[in-house]
There are 2 protein chains.
Amino acid sequence: MKKYIPVLKRTKLFSGVGEEDIASLLSCLGARKKECKKGEYILREGEHISDIFILVEGKIHIQKDDYWGNRSILSVISVGEMFGEGYAAPESGALLNDVVAVEDSSVIFFDVKRILTTCSSACRFHNMIVQNMFFAISDKNRKLVQKLGHMSGRTTRAKLISYLSEVAKRQGSSAFTVPFNRQQLADYLCVDRSAMSNELCKMRDEGMIKFEKSRFELL
Amino acid sequence: MKKYIPVLKRTKLFSGVGEEDIASLLSCLGARKKECKKGEYILREGEHISDIFILVEGKIHIQKDDYWGNRSILSVISVGEMFGEGYAAPESGALLNDVVAVEDSSVIFFDVKRILTTCSSACRFHNMIVQNMFFAISDKNRKLVQKLGHMSGRTTRAKLISYLSEVAKRQGSSAFTVPFNRQQLADYLCVDRSAMSNELCKMRDEGMIKFEKSRFELL
DNA sequence: TCTTTTCCGTTGTAAAAACAACCGACTTAT
DNA sequence: ATAAGTCGGTTGTTTTTACAACGGAAAAGA
């Protein structure tokens with residue numbers, strides 16, 4: 001597990017904790033490691049977990065198969081990212097997704113209760129981890145809510161308006177740059193790229209917006 | 001603040017804590033109260049907050065106005081529910097939504113850092129609150145991810161398949177009852193009710209599903 | 001420089017969704 | 001018992017979207 005400490009140091013969860021302290025934290029938390037070959041399942045739908053997982057090597061997909069067998073990829077997890085945090089609560093029920101390695105991968109995981117119930121003074125940085133974890137989930141939460149807000153519009157235009165308005169607000173200006181190219185923006189908003197491109201141009205022709213590449217201006 | 005203790009006792013955040021202990025927790029957390037008349041803003045877009053809010057009386061809307069002034073309601077908060085948890089992290093930036101009372105309302109709120117940084121032994125149930133809060137956010141997180149999964153399908157049918165498959169999984173049977181009527185389900189999936197009704201009937205005619213009222217069966 | 005790839009706007013067509021309007025079955029209130 | 005309201009299925013029309021295919025500009029690479 002030691003060799004992954006430099007990776008962990010750069011994660012949100014362990015940010016602000018020195019390498020020596022991470023080592024002692026890992027044992028304090030009862031952290032375990034699991035290695036998976038490409039194609040293997042790390043977690044399966046139906047399992048019950050109460051752990052937080054951190055990917056320290058490789059790449060994994062969180063995916064689900066519907067009743068008729070159609071598969072869809074819900075998210076792609078890269079090194080340093082956390083997953084499983086939605087199932088931390090005792091009443092969260094069985095896992096509804098599969099987690100599968102798309103490259104040879106290693107994950108480090110530990111039981112959430114181990115963090116929450118152990119007295120904070122047990123080890124020096126325990127409290128810091130609680131904070132980090134909390135802020136990480138809180139942050140994820142906000143992003144999910146915002147995305148859901150954009151996607152709740154029924155038309156592509158409504159989704160674009162919602163998204164562009166938010167970026168403008170966040171950047172505090174009616175002229176701003178979005179962190180996506182067209183394809184990525186379309187994927188984020190769950191619409192077809194060419195249809196979105198088309199809609200953007202209509203909005204431009206109607207005098208609502210101006211844009212060039214990833215730079216937009218609301219009028 | 002005392003009169004709201006029975007309400008708080010029934011919230012997720014204070015579940016498992018006795019009424020006497022809630023009183024001491026509130027002062028330990030530095031909880032404050034804010035009362036708003038119908039129509040007043042509890043929080044405005046652009047504010048910076050690091051508090052968790054609990055609605056103890058009335059009803060409020062979380063809403064946003066886009067750049068061109070179109071208003072949309074993101075969620076309706078009822079008594080006992082928590083909000084603001086997405087902005088707990090220090091780097092979460094300015095609030096992107098407005099929070100407005102649609103009835104005369106009262107909220108109780110306290111700084112998250114007060115929970116996370118104070119030593120757990122400061123008061124008896126402090127640690128319990130940390131757990132409750134964590135599980136509440138974790139739970140919200142899972143629900144958001146699931147909903148996003150359903151909404152990422154491009155067609156109404158895809159959304160329905162995703163949703164129905166999940167409920168079937170969760171209830172562990174291909175026959176199950178959904179907790180929505182048609183209008184509510186359509187609202188949840190962000191589609192038109194009649195179009196959804198239509199699609200459900202097509203799926204039935206194609207032999208994919210059977211249903212009656214809120215009871216469904218996948219075939 | 002020449003080739004290849006990426007990005008993105010454009011077009012046309014077929015499919016799908018929204019929207020509005022209506023109806024019958026059923027429930028609830030007066 | 002009657003009236004009013006809710007719920008959900010159905011239909012037709014209009015708008016919107018997905019999808020596929022193409023082409024030009026710019027960037028990346030050989």
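At the interface of chain B and chain A, 16 residue pairs are in polar contact, with both residues at pLDDT 80 or more. A polar contact is a pair of N or O atoms within 3.5 Å; within protein, one atom must be able to donate a hydrogen and the other to accept it, and residues adjacent in sequence count only if both atoms are side-chain atoms. On the side of chain B that touches chain A, the elements giving two or more residues are β4 (60–65), α3 (112–117), α4 (126–151) and α5 (156–171) of chain B. Helices (DSSP runs of H or I, at least four residues) and strands (runs of E, at least two) are numbered from the N terminus. With 19 residues, α4(B) gives the most to this side of chain B. Sorted by class, the side of chain B that touches chain A holds 26 nonpolar, 16 polar and 13 charged residues. Here Ala, Val, Leu, Ile, Met, Phe, Trp, Tyr, Cys and Pro count as nonpolar, Asp, Glu, Lys and Arg as charged, and the others, Gly among them, as polar.

The structure is a predicted model, in which local features need pLDDT of at least 70 and side-chain atom pairs count only at pLDDT 80 or more, while totals for chains, interfaces and linings use all residues. Residues are numbered from 1 along each chain as its sequence is written, chains are lettered from A and ligands numbered from 1 in the order in which they are written, and side-chain values use heavy atoms, with hydrogens and water left out.

The size of an interface is often given as the accessible area lost when the parts come together. For chain B and chain A the buried area is about 5,300 Å², 65% of it on carbon and sulfur atoms; buried area is the accessible area (1.4 Å probe) that two parts lose on being put together, summed over both. Each chain brings 55 residues to the contact, where contact means heavy atoms within 4.5 Å. The interface also holds 2 salt bridges, a salt bridge being a side-chain nitrogen of Lys or Arg within 4 Å of a carboxyl oxygen of Asp or Glu. B:Lys169 and A:Glu45 join their side chains in a salt bridge, at 3.6 Å from N to O.

Attention now turns to the DNA. Around DNA strand C there are 17 residues, and the closest are A:Arg182, A:Ser197, A:Asn198, A:Cys201 and B:Thr156; a residue is near a strand if one of its heavy atoms lies within 4 Å of it. The residues of this surface comprise 4 nonpolar, 7 polar and 6 charged. Helix α7 (193–205) of chain A and α7 (193–205) of chain B each supply at least two residues of the surface, and α7(A) provides the largest share, 6 residues. Of the DNA strand C atoms within 4 Å of the protein, 66% belong to sugar or phosphate and the rest to bases. A phosphate oxygen of DNA strand C is 2.3 Å from a polar backbone atom of B:Thr156. Bases are reached too: a base oxygen is 3.1 Å from an N or O atom in the side chain of A:Arg193, and a base nitrogen is 3.3 Å from an N or O atom in the side chain of B:Ser194.

Chain A can also be viewed by itself. Its secondary structure comes to 7 helices and 11 strands, and its C-alpha trace spans about 60 × 45 × 30 Å along the principal axes. Of its 219 residues, 52% count as buried, meaning under 20% relative accessible area, with exposed over 50% and partly exposed in between (1.4 Å probe, protein chains only). Among contacts in chain A between residues at least 6 apart in sequence, 68% join residues at least 24 apart.

Side chains of opposite charge can pair when their charged atoms come close. Over all chains, 28 salt bridges are found. In one of them, A:Asp51 pairs with A:Arg32, the closest N and O atoms being 3.7 Å apart. A:Asp51 lies in strand β3 (residues 51–57) and A:Arg32 in strand β1 (residues 32–36) of chain A, so the pair ties together parts that are 19 residues apart in sequence. A:Asp51 is buried, at 10% relative accessible area, whereas A:Arg32 is partly exposed, at 45%. A:Glu199 and A:Arg157 form a salt bridge whose closest N and O atoms are 2.8 Å apart. This pair links distant parts of the chain, with A:Glu199 in helix α7 and A:Arg157 in helix α5 (residues 156–171) of chain A, 42 residues apart. Both A:Glu199 and A:Arg157 are buried. Finally, a network of salt bridges links A:Lys12, A:Asp139, A:Arg142 and A:Lys143.
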